[in-house]
Amino acid sequence: MRVLVKGGTIVTAADTYVADVLVVDEKVQAIGQNLQAEAERVIDAKGKYVLPGAIDVHTHLDMPFGGTVSADDFLTGTRAAAMGGTTAVVDFAIQSKGKSLRDAFDTWQEKARGKACVDYGLHVAITDLPDPVLAEMPELVEAGVSSFKLFLAYKGSLMVDDATFFKALRKARESGALISFHGENGDVIDVLVKQMVAAGQVTPRYHALSRPPEAEAEATARAIALAEMAEAPIYVVHLSAALALDKVAAARDRGLPVYAETCPQYLLKSIEDYDEPEFGGAKYVCSPPLRDKANWPRLWSGLNTGHLQTVATDHCPFNFKGQKDMGRDNFAAIPNGVPGIETRLYLMYTAGVLGGKIGLNKMVDLIATTPAKLFGLYPDKGTVAVGADADLVVFDPAVEHTITASALHQNVDYTPYEGFKAKGAVAAVLSRGKVVAEGGKFVGQVGAGKYIVRKRFSA
Ligand SMILES: [Zn+2]
């Protein structure tokens, strides 16, 4: 199958130029001016941007949490991703305590089987690391898991101690993997949550107050110090607070291989959202929590200066009715997470690029190119280039639309961005050469998304 994308403005992390793109089967075969090629399908991209398919390296599909399960599975989640211009996700397979890493990997492969609508990779989250499990890490890297995650928060469930963290860092370094971590001090948070609940402080705002930015800064600094001792690279997921960013910036300025991600919710939503009436604040309960607005300009500036390198979504959807309301009488029982797999490109383009916060090439770098490089997907994915996978987004900057839950494809009954006036819409999406989204409809094939054997980490 040959597809010719004609006359669009190609945008990569480095360049912006008008050219045609010829796709043959799954790959980009040629890029050039006025390509004279026969094609079964011609897409007119004049006046539109042609972007590399975005990559979301932080999703939680079909994930058990707090007695319930995230509302998008691999089918609905990756379909929504495609609709929003994301053509690859890297989801977290969570190790159950007492079980092997392989078991987590197999469990998540089973969740994805026959369902993925775009390509996907897996990180494995380590919750328990006796020696036989530690010894498994290189095998997992062999199987394409070139990154692991550990939690410094969620005491009593996911949280690990410093010894576990340090061992994982050393083993990852040996095996060519990148360790990422959830940076919040779980011990302190545990004390604060118990105190607040005992005092009857149970509304959603207390979720944020029980998880102060200092707890994030401390855990971030500690993880960076452990990585330095282990001489290992490290990646901070969902950085939310300027205080934590300062720790990352200081480490990077010393030349340490420290990388950090933030998410649209930390750039656009704030602690004030927890006061939405009728328990509406529960919609924004995620960890780390939303912060004071004073953090916003610092995070945008971190993206611009390179102290923050990626924007992922931490898509972890729970319905407002039936899931979030488990915590109506106690914020600690509200499942943690917000949906966002489908809206990232719209938010980053409208608020970021048109809002004068970041350039267009920078946006592509943050949501596609650098994630691809850090997580072993580059150069097959993450850019528009001859020989790369034909994962392409034709983006029409002229279309305006309002983000509303009912128009999105995520399987969740709300969006944190309800009413957001977006400029620019996805006109067409190609996943390995096949058109999967077009004119607001999913036209791909359920199950056509392939597991990606990711390459080892290299700085
Ligand atoms: Zn997460």
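Q: Where does H238 lie?
A: H238 sits in the loop between β13 (234-236) and α9 (242-253). Helices (H or I, at least four residues) and strands (E, at least two) are DSSP runs, numbered from the N terminus. The model is a predicted one: local features need pLDDT of at least 70, side-chain atom pairs count only at pLDDT 80 or more, and totals for chains, interfaces and linings use all residues. Residue numbers start from 1 along each chain, as its sequence is written.

Q: What is the phi of H238?
A: Most residues other than glycine have a negative phi, and most peptide bonds are trans. H238 is not a glycine, yet has a positive phi of about 30°. Y154, also not a glycine, has a positive phi of about 65°, and is found in the loop between β11 (147-151) and α5 (162-175).

Q: Is H238 buried or exposed?
A: A residue is buried if 20 or more other C-beta atoms, placed from the backbone, lie within 10 Å of its own, exposed if 12 or fewer, and partly exposed in between. H238 has 22 such atoms, so H238 is buried. Y154 has 19, so Y154 is partly exposed.

Q: Which peptide bond to P288 is cis?
A: The bond from S287 to P288 is cis, with omega near -5°. P288 belongs to the loop between α10 (264-268) and α11 (295-305). The bond from Y378 to P379 is cis as well, with omega near 5°, and P379 is in the loop between α13 and β16 (392-402).

Q: At what angle do the axes of α12 and α13 cross?
A: Axes are lines fitted to C-alpha atoms, for helices over the stretch in contact, and angles run from 0 to 180 degrees between N-to-C directions. The axes of α12 (residues 344-354) and α13 (residues 360-374) cross at roughly 145° and come within 10 Å.

Q: Which residues of α12 meet α13?
A: Two residues are in contact if their C-beta atoms, placed from the backbone, lie within 7 Å. From α12, R344, L345, M348, Y349, G352 and V353 meet L360, M363 and I367 of α13.

Q: How many residues does the largest nonpolar core have?
A: A nonpolar core is a set of buried Ala, Val, Leu, Ile, Met, Phe, Trp, Tyr and Cys residues joined through C-beta atoms within 7 Å. The largest has 152 residues, and V21 and I367 are among those with the most contacts inside it. V21 is in strand β2 (residues 16-24). Beyond neighbours within four places in sequence, V21 is in contact with V5, I10, V28, I31, V50, V384 and L392.
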